[in-house]
Amino acid sequence: MGFLDFPFAAGPDGDPRTFPGHAEVLRYLREFARRFDLHGLVRLETEVVRVSRDADANSSWRVRYSRKLAGSEKREEEEEVFDAVVVCNGHYYQPHVADILGMDAWPGKQLHSNTYRVPEPFRGQVVVVIGCSVSGMDISRDIAGVAKEVHVASRSAPAATCERLPGHHTNLWFHSMVDRAEEDGTVVFQDGSRIKADVILHCTGYKYSFPFLGDDATISVDDNRVGPLYKHVFPPQVAPQLSFIGLPLKVIPFTLFELQSNWVAGVLSGRIQLPSKEDMMRDVMAFYSSLDACGRPRRYTHVLGDLEFEYENWLAGQCRRECIEDWRREMFAVSMQDNVDHHGNHRDMWDRGDRDHLLVQANREFTHYFPAALQP
Ligand SMILES: Cc1cc2nc3c(=O)[nH]c(=O)nc-3n(C[C@H](O)[C@H](O)[C@H](O)COP(=O)(O)OP(=O)(O)OC[C@H]3O[C@@H](n4cnc5c(N)ncnc54)[C@H](O)[C@@H]3O)c2cc1C
């Protein structure tokens with residue numbers, strides 16, 4: 001999951017597992033910031049509250065921000081004018097919650113996965129987890145170790161689904177979607193089963209949100225489609241002075257966002273040319289039509305999935321970089337397959353000999369960046 005030109009390899013005291021814990025990810029990001037001397041470029045405790053086009057200067061942006069005053073809890077607002085704005089505000093903080101009949105009157109506790117930290121508060125409880133993507137599957141397995149029962153509801157499961165999930169836990173159940181919630185605490189699934197639950201945990205993802213962007217940014221969010229955006233990055237009408245990094249979903253984020261950043265940097269510095277506004281808009285419309293033609297819902301506009309590497313190689317081509325190495329693609333494919341085959345218990349199973357050639361290729365690649373003494 002590392003950046004292309006800064007290998008993710010555990011240091012001498014690091015976590016050497018193929019799927020290291022979050023402490024190792026934090027160490028990697030800190031190392032990255034130190035190596036490229038980024039700290040001086042970041043204004044901490046500073047929240048952007050408004051980004052608008054500067055009426056006095058044609059293509060500049062007025063950025064209003066609120067910053068915490070040193071040694072005090074007070075904040076003050078300031079404004080500065082910039083030539084360009086690159087929006088990288090992340091999309092894992094504004095919860096999306098499924099609309100379920102009777103939920104308002106349901107008496108139990110409701111949470112969204114963005115507040116989940118540890119399983120202990122769920123000890124002995126009956127928990128309904130709505131959503132079975134990465135958060136839903138990870139959290140349900142985590143909770144199953146202490147909870148009385150965990151019931152995962154999936155909107156993509158056939159309506160009659162009600163089965164025990166394979167794996168270590170005998171208290172983990174998989175259902176079709178929740179049909180309704182009742183005032184006595186019962187949750188009714190589309191498969192007809194009824195569970196008296198203590199907690200409903202919404203693992204239903206997040207919404208894109210740009211509360212600081214005014215109407216003049218010509219960008220809107222409609223059913224989780226941020227648009228219009230050329231190749232998920234540039235709004236044609238105001239490109240390249242406004243751009244978005246990090247919107248694609250179901251991708252390997254660091255690699256992809258690095259390539260998007262390279263592209264934006266190349267365009268802003270004049271090394272890379274964008275097509276005309278008209279051509280970019282035509283490309284966006286053609287993309288939307290292709291989604292419509294295959295019946296893909298609007299909310300999946302930024303879900304790349306199988307198209308990830310094609311998109312990354314397109315970005316790499318724009319930046320005159322080499323295509324994504326085969327070992328990265330292969331590593332991703334075998335990890336995904338392992339996840340399916342071993343029901344999420346795959347993380348500590350890499351050490352099987354048949355994948356060693358991928359690690360050898362990765363480490364050979366890393367020697368371009370790390371002195372031999374730092375090799376894992
Ligand atoms: C539960 C979970 C597990 C994940 N696991 C993995 C994994 O195993 N591997 C992996 O590669 N990825 C994983 N991801 C995805 C990864 O965390 C994201 O892709 C990555 O953090 C995106 O980076 P980002 O910089 O775009 O956004 P973020 O990391 O969300 O950073 C956005 C930053 O912008 C700041 N911000 C927002 N609004 C404003 C504002 N108005 N003014 C100033 N600052 C603002 C926020 O405070 C934040 O610091 C996971 C995500 C989640 C939620």
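Helix α4, residues 277-293, has 17 residues and spans 24 Å from its first C-alpha to its last, close to the 24 Å expected at 1.5 Å a residue; the expected span is 1.5 Å times one less than the number of residues. Helices (H or I, at least four residues) and strands (E, at least two) are DSSP runs numbered from the N terminus. Just after α4, Gly295 adopts a positive phi of about 70°.

The model is predicted: local features need pLDDT of at least 70, side-chain atom pairs count only at pLDDT 80 or more, and totals for chains, interfaces and linings use all residues. Residues are numbered from 1 along each chain as its sequence is written.

**Ligand surroundings**

- Of the 13 residues around the ligand, Val48, Asn89, Gly90, Gly246 and Pro253 come nearest; a residue is near a molecule or strand if its C-beta atom, placed from the backbone, lies within 6 Å of it.
- The elements that contribute two or more residues to this shell are β1 (46-53) and α3 (253-268).
- Helix α3 gives the most to the shell, with three residues.
- By residue class, the shell divides into eight nonpolar, four polar and one charged. Here Ala, Val, Leu, Ile, Met, Phe, Trp, Tyr, Cys and Pro count as nonpolar, Asp, Glu, Lys and Arg as charged, and the others, Gly among them, as polar.
- Asn89 is placed in the loop between β4 (85-87) and β5 (109-112).
- Asn89 counts as partly exposed because 17 C-beta neighbours lie inside 10 Å; a residue is buried if 20 or more other C-beta atoms lie within 10 Å of its own, exposed if 12 or fewer, and partly exposed in between, with C-beta atoms placed from the backbone.
- The C-alpha atoms of Asn89 and Ser243 are separated by 12 Å, and these residues are 154 residues apart along the chain.

**The β10-β11-β12 sheet**

- Three strands form an open sheet in the order β10-β11-β12, with antiparallel pairing; two strands pair if DSSP finds at least two bridges between them.
- Strands β10 (178-181) and β12 (194-196) stand at the edges, each with a single partner strand, so one side of each is left without a neighbour in the sheet.
- Neighbouring strands of this sheet are turned by 25° against each other on average, direction ignored. Axes are lines fitted to C-alpha atoms, for helices over the stretch in contact, and angles run from 0 to 180 degrees between N-to-C directions.
- Strand β10 pairs with β11 (residues 186-189) in the antiparallel sense over three bridges.
- Arg180 has Val188 in β11 as its bridge partner.

**Backbone geometry in the loops**

- Most residues other than glycine have a negative phi, and most peptide bonds are trans.
- A cis peptide bond joins Gly227 and Pro228, with omega about 0°; Pro228 lies in the loop between β15 (225-227) and β16 (242-244).
- Ala239 and Pro240 are likewise joined by a cis peptide bond, with omega about 0°, and Pro240 lies in the loop between β15 and β16.
- Lys231 is placed in the loop between β15 and β16 and has a positive phi of about 55° although it is not a glycine. Lys231 counts as partly exposed, with 17 C-beta neighbours inside 10 Å.
- Asp223, in the loop between β14 (220-222) and β15, has a phi near 50°, a positive value in a residue other than glycine. Asp223 is exposed, with 10 other C-beta atoms within 10 Å.
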